[in-house]
Amino acid sequence: MAQTLLRRMNHTTTANGSDTGLQVSTRAVEAEIRDRADPRQVLADRVAQLYRQMPIAIGATFIAGAIATFELQGRWLKELVLIWWAIVVTFSAAASLLLYAYYRAADKVGSAPQWLRWLGIAALGNGASWGLAGGVFFRSLSDEQQVFLAFLFAGMASVGVPVYAASWPIFALYAAGILGPFFYVLLTFGNRLFVEIALLVPLFYALNVAIAYRLTQVFHSGYRLRHAYGKLTQDHRLLNQRLERQLVELEEARRQVEASGRKLALFAERAPIAVIELQPDGTVAEVNHAAEILFGYAADELVGGSMKKLVAPELHEEFDRTWRQLVTTRESVPGVKIRNPRRDGVELVCEWTVTPLVNFQKEVIAVIAQGRDITAQLEAERMKKEFTSTLSHELRTPLTSIIGSLQLINSGVMGDVDKEVAELTTVAERNGQRLLDLINDILDIEKIESGKLTLAPEVIAVDELVRESMVLNKGFGERFKVRFASHGDSPERKVHVDRKRLLQVMTNLLSNAAKFSPEGGVVEISTEDAGPSVRVAVHDRGGGIPEAFRTRIFSRFAQADSTATRQKGGTGLGLAICKRLIELMHGRIGFEDRPGGGTSFWFELPRHPA
Amino acid sequence: MPDRPLNRICYVEDDEDVQRIVRLSLERVGKMTVAVVSDPTQAIATMTEFRPDLVMLDWMMPVLDGPALFRQMKLRPDTSALPVVFITARASQRDLDELKSLGAAGTISKPFSPKDLPDQLRAIWAALP
C-alpha cells in the first residue's frame with residue numbers, strides 16, 4: 001500500500017517535475033489518505049459525537065423550559081403553560097431514553113444511519129416544543145415577556161449549533177422547529193417592528209445553518225482523517241511486524257550462510273588437495289594451504305597474479321583456449337591433467353577439476369580449481385608398465401633357451417639319450433612350458449584387467465574356428481589319449497569376434513576337457529543356436545566339478561585339486577581369462593553337469609547376421 | 001613364391017644361448033646354412049658377404065635394435081630386398097602390427113619351438129611374392 005502511494009508520488013513528481021506538480025501530488029496524497037477511511041466508520045463517529053452532545057441539549061431544554069414555565073405562567077395561561085411543560089418533560093424523558101438505548105446498543109457502526117434518524121426526530125421534537133411555545137404564548141405575553149421569549153429562542157437556536165454541529169440537517173430541522181412558528185407569529189402580529197424582526201429571522205436561520213453546515217464538513221473531514229491515519233498506523237504496525245520477522249529470518253539465514261561459509265572455508269583450508277579460487281579473468285583470488293605446500297609459493301605470491309604462473313609455459317596457449325571455453329560454457333571440467341611448475345622449477349603433473357561459480361544472472365563470478373598431484377601416481381603407472389614389459393621380455397628370453405634346448409634333446413635331433421635322462425628332460429621341458437603358460441596368463445589377465453587389451457574383431461564362421469581349435473589341440477589330446485569330435489556344424493553360424501582370442505578360449509576349454517577326461521575318452525564339441533546367440537559347448541566325461549569349487553571356478557588361481565594341477569599342469573588362470581575374454585566379446589560363459597557324468601563348459605556369443 | 005627352396009639364413013641376436021638353439025634347430029632340423037651375428041652393427045657387413053636368402057632379426061638388442069637395423073637395411077641397395085623375419089619376446093598386438101608396417105615378411109614370437117622353427121620359416125618363405 002505504501003508502495004502504491006510512493007509509486008503514485010514518484011509518478012506525479014516525474015510527470016510534472018515542478019513545484020506545482022509537487023503541490024498537486026501532496027493534495028493527491030491527502031485525498032488518497034482520506035479515501036482510505038471507511039465511510040461507515042466516519043458516519044458512526046459523527047453519530048456518536050451527536051449523542052455525546054445530547055445531555056447538553058436535554059439539560060439545556062429542561063433548565064430553559066423550567067425557567068420559561070416559571071416566568072410565563074400567568075393566571076389565564078397557567079394550564080396551557082403547564083401542559084407545555086409536560087410536553088417538554090416528556091420529550092426530554094424520551095430523548096434520555098433514546099440516549100440510554102444508544103449507549104446500550106451493541107452495533108453502533110452498522111446501525112448508525114438508524115440512530116441518526118432517531119436523533120433527527122428527537123431534535124425536531126425538541127425544536128418543535130419551543131416552536132409550540134412561540135406559536136401559542138407569544139401573542140398573549142406582555143412586552144417584557146415577549147423580549148424574554150425572543151431571547152430564549154435565539155439562545156436555544158444558538159446552542160443548537162455546537163450541539164448538532166456533527167449533522168447540519170438535524171440542526172436545520174431543530175432550528176426550523178423553534179423559529180418557524182415564531183417567524184409566522186412575528187410576521188402576522190400587525191406591528192411594523194415585529195415584521196422587520198420576522199424578516200431577519202430567516203436570515204439569522206440561514207446563517208446558523210450555514211455555520212452548522214461548515215462545522216459538519218469540518219467534523220466529517222476530521223473523522224475521515226482520524227480513521228485514515230488509524231488505518232495507516234495499523235498498516236505501518238503490520239509492516240513493521242513483518243519487517244521485524246523478516247529481519248529475524250534474514251539474520252538466521254545470514255548465520256547459516258556464515259556457518260556453511262566457515263565450514264566450506266575450513267574444508268578448502270584443510271583439504272589435502274590444492275584449492276585455488278580464480279577470478280573470471282584467470283587472476284588468482286585465493287589459495288589454500290595445500291596449494292602453498294604443493295607449489296612452494298606463499299599465498300600472497302600467487303594472489304593477484306595470473307594462474308599461468310602455475311602452468312608450464314608451452315601450455316599457456318592451450319590454457320587460454322580452455323579458459324575461454326570454460327567461461328563461455330560455464331560448465332565444470334573434471335580431470336584436466338596439466339604440467340605445473342613448482343617454485344623451484346620442478347614440474348609436477350596435477351589433475352584438476354575446474355568449476356565455474358555462476359550467479360543468478362548466469363555470469364561467472366569465480367572459478368574454483370581443485371588440483372591433485374598425480375606425479376607419483378603416473379610414475380608408479382609407468383613403472384608398472386615397464387615392469388610388465390620387462391617381465392615379459394626378461395623371463396621369456398631365458399625360457400626360450402631352456403625350453404628350446406630341452407625340445408631339441410627330447411625330439412631326438414641331438415641323437416639318442418639314455419632313457420632315464422630322457423624322462424628327466426621331458427619333465428624339465430613340460431615344467432618350462434608350464435612356467436611359460438603361467439607368465440603368458442599373468443600378462444593376459446593383467447592386460448585385460450587394466451583395460452589395455454584391444455580386440456581385433458572380424459566376422460568368422462564358428463564351425464571353422466572349432467575345426468581350427470581341434471587341429472591346434474590335437475597334440476594335447478594325444479598326450480592325454482583323448483580324441484576330439486564335433487557335431488552340429490553349420491557354415492551359416494557367424495560371429496563378430498577376435499579370432500585369436502576366441503581360439504585362446506577354445507584351447508583352454510579343450511585342454512581342460514582333455515586333462516580331466518579318462519584315457520581313451522572322447523571330448524565332444526557341439527555348436528547350436530541359442531536365441532540371438534550361438535552356443536558352443538565342450539563336453540567331457542571327467543569326474544565333474546566338486547560342489548565347493550563351483551562358485552569360484554572362474555576366479556583367478558582357482559583350481560579344484562592341487563594334486564591334479566601338479567600332475568596335469570595348468571595355471572589356474574585359464575578359465576578366469578576365458579570368462580573375461582568372452583565378456584569382452586559381449587558373450588557369456590558357464591558350465592553344467594552332463595547327463596551321464598562329466599561336465600559341459602559352454603559359451604554364447606551374439607550371432608552376426610549372415 | 002621364390003623359385004628356390006629356403007637355404008641360407010642370417011640371424012642377428014645378442015643372446016648367445018638363443019643363438020646356439022636357433023643354429024642347432026635350423027642346421028639339424030631344417031638342414032639350412034646359418035650365419036649368426038652377435039653384434040648388430042656388424043650385421044650388414046655379414047649380410048653383404050654371406051648373401052642370405054632370409055634374415056632373422058631379434059627385436060631387443062643393445063646399441064642397435066631390430067627395427068633400427070631393419071631401417072638401415074632398407075637404405076642399402078644390397079640389403080633392401082632381403083626378406084626379414086623378426087623374432088621377439090614382445091608379443092603385444094601393437095608391436096606385431098608395428099613390425100608388419102615396417103615391411104617385415106613375418107614374425108616369430110619367443111619362446112619358439114626349435115622343432116617347428118624351420119617349418120615356420122619355410123611357411124613365411126613360401127608366402128613371399
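Modeller: Helix 3 of chain A bends by about 35 degrees at Q53(A). A proline, P55(A), follows within four residues of that point. The model is predicted, so read the angle as a computed value. Helix 3 covers residues 39-72 of chain A, 34 residues in total. From first C-alpha to last, helix 3 reaches 46 Å. That is close to the 50 Å expected at 1.5 Å a residue.

E71(A) and L72(A) are both touched by Q145(A), leaving aside residues up to four places away in sequence. Q145(A) belongs to helix 6 of chain A, residues 143-163. Along the chain, Q145(A) and E71(A) are 74 residues apart, yet their C-alpha atoms are separated by 7.8 Å.

Five strands stand in the order 2-1-5-4-3, with antiparallel pairing. Strand 2 (284-287) and strand 3 (333-341) of chain A are the edges, each pairing on one side only. From one strand to the next, the twist averages 30 degrees. Within this sheet, strand 1 (residues 274-278) and strand 5 (residues 364-373) of chain A run antiparallel and are joined by five bridges. V275(A) has Q370(A) in strand 5 as its bridge partner.

Strand 7 (residues 483-487) and strand 9 (residues 522-530) of chain A are parallel, over five bridges. There A485(A) stands opposite E524(A) of strand 9. Strand 9 also pairs with strand 10 (residues 533-539) of chain A, this time antiparallel and over seven bridges. One bridge sets A530(A) against S533(A) in strand 10. Strands 9 and 10 of chain A form a hairpin, with two residues between them. In that turn, G531(A) has a positive phi of about 65 degrees.

Next, the contact between the chains. Chain A puts in 17 residues and chain B 18 residues. On the chain A side, helix 12 (residues 375-410) gives the most, with twelve residues. That side divides into six nonpolar, ten polar and one charged residue.

Chain B has five helices and five strands. From the N terminus on, its elements run β-α-β-α-β-α-β-α-β-α. Of its 129 residues, 36% are buried. Among contacts in chain B with a separation of 6 or more, 58% link residues 24 or more positions apart. The five strands of its open sheet have the order 2-1-3-4-5, with parallel pairing. Strand 2 (33-37) and strand 5 (106-109) of chain B stand at the edges, each with a single partner strand, so one side of each is left without a neighbour in the sheet. The twist in this sheet averages 20 degrees from one strand to the next. Strand 5 of chain B runs parallel to strand 4 (residues 84-88), joined by four bridges. F86(B) has T107(B) as its bridge partner in strand 5.

Two helices of chain B lie across strands. Helix 2 (residues 43-50) of chain B lies across strand 1, strand 2 and strand 3 (54-58), at about 170 degrees to strand 1.

Key: Residues numbered from 1 in each chain as written. Chains lettered and ligands numbered in written order. Predicted model: local features only at pLDDT ≥ 70, side-chain atom pairs only at ≥ 80, totals over all residues. Pairing = 2+ DSSP bridges. Expected span 1.5 Å × (residues − 1). Bend = angle between axes of the 7 residues up to and from the residue. Contact = placed C-beta atoms within 7 Å. Nonpolar A, V, L, I, M, F, W, Y, C, P; charged D, E, K, R; others polar. Axes fitted to C-alpha atoms, helices over the stretch in contact; angles between N-to-C directions. Buried ≥ 20, exposed ≤ 12 C-beta atoms within 10 Å, placed from the backbone.
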